[in-house]
Amino acid sequence: MTTDLSTITDTMPASTEMGKLGIMQLKRFWYKSSFRAKNLYSSKHPNESTLDKICLYILGLGLEQTYKYLGNNGLTFDEFEDWIIATAGMPIESEVARFNATFQENRPKGTRPVPSVLSAAELDFWNENGYLIIKNAIPKQDCEISVDVICNHIGVDKNDPDTWYTKNDSRQGIMVQLFQHPILIKNRYSDKIRQVFEQLWQRTDIWVSADRVGFNPPETEFYKFQGPDLHWDCSLQLPVPYDLQGILYLNDVAANQGAFTLVPGFQHRVEDWIKSLPPGANPRRQNLHALGSKPIAAEAGDLIIWQQALPHGSSPNTSSKPRFVQYITYHQIDHQDQEVWI
């Protein structure tokens, strides 16, 4: 069904307006997305995008998944909420309540003390290198279940190389557009993963992403690495702000097995390096491997967490086994994001 724009009020919904899912910001997000798809609306509040993303994460929705569906289908707000329920089920009530509370005048900053799960040696390594390997972030059994879920979703047999290169609509390079499954949700809400992010953020009012998974098979004569190579997922306007990202290995990954790769310690060098480039040079188009890239080998169930200032990416898989991963990150909401736009 196509939304009749004439039935949509000219008044932007307030963040506090809710529908049957009872979550704030969602109706405002739908309104903006409906108008943006027809080039009729552009946000005057760029920081509001953080609220939009976390609202979708709490609902268990992938960002690309949601924007694509809204872009292809003109939906009333009621229809949009129906699609959310059909796609991801009902949200976790406690997370909805916690999110709605951030719009209160006296915003809660977290009711629990910040955990101390990292050792002094781990913190020293983090401060020097800008990344950590968190061992056994989830159980091995859950890794095996997760791998089977990914294989079923994209139609491959993890033990049969002949199936690894079959095209599937859910595969975009090494990324797999799979967001909703009980085991993926369980992995995201791992106590150990959350506590590590809380300690590194030094706050407990943080929010887990509903991100996708990945499948990186070995290169062959006919199949070459799909990328992404080293890159940044943030603006390089200086100073690059402190932010965190994470990737969970779902099988054992050797250094040559398409391992996640980064430049250790680059958070200390990024500003001077950018300033040293010739005028007009694009930092993203430099030879980032020359900065000292390192593939990170780790085991099933290990989480790699890094600071966003580090160039990072996947790498060519020259082994005989594929790599399976899940992307998991916890975000904060800055004060300027928590305005109730009206």
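Student: What percentage of the 342 residues in the protein chain do buried residues make up?

Tutor: Buried residues make up 51% of the 342 residues in the protein chain, where buried means under 20% relative accessible area, exposed over 50%, and partly exposed in between, with a 1.4 Å probe and protein chains only. This is a predicted model, in which local features need pLDDT of at least 70 and side-chain atom pairs count only at pLDDT 80 or more, while totals for chains, interfaces and linings use all residues. Residues are numbered from 1 along each chain as its sequence is written, and side-chain values use heavy atoms, with hydrogens and water left out.

Student: Why is Glu-198 called buried?

Tutor: Glu-198 has 0% relative accessibility, and therefore counts as buried. This residue lies in helix α9 (residues 191–201), helices being DSSP runs of H or I with at least four residues and strands runs of E with at least two, numbered from the N terminus. Apart from neighbours within four places in sequence, Glu-198 is in contact with Arg-112, Val-114, Pro-115, Arg-203, Thr-204 and Ile-206, contact meaning heavy atoms within 4.5 Å.

Student: What makes Cys-143 and Cys-234 count as buried?

Tutor: Cys-143 counts as buried because its relative accessibility is 1%, and Cys-234 counts as buried because its relative accessibility is 11%. As for disulfides, the structure holds 0, a disulfide being a pair of cysteine sulfur atoms within 2.5 Å.

Student: How do the axes of helix α3 and helix α4 cross?

Tutor: The axes of α3 (residues 63–72) and α4 (residues 77–88) come within 12 Å and cross at roughly 140 degrees, with axes fitted as lines to C-alpha atoms over the stretch in contact and angles running from 0 to 180 degrees between N-to-C directions.

Student: Which residues of helix α5 are buried, and what covers them?

Tutor: In α5 (residues 93–101), the buried residues are Glu-95, Val-96, Phe-99, Asn-100 and Ala-101, and what covers the buried residues of α5 includes α2 (48–58) and β4 (206–208).
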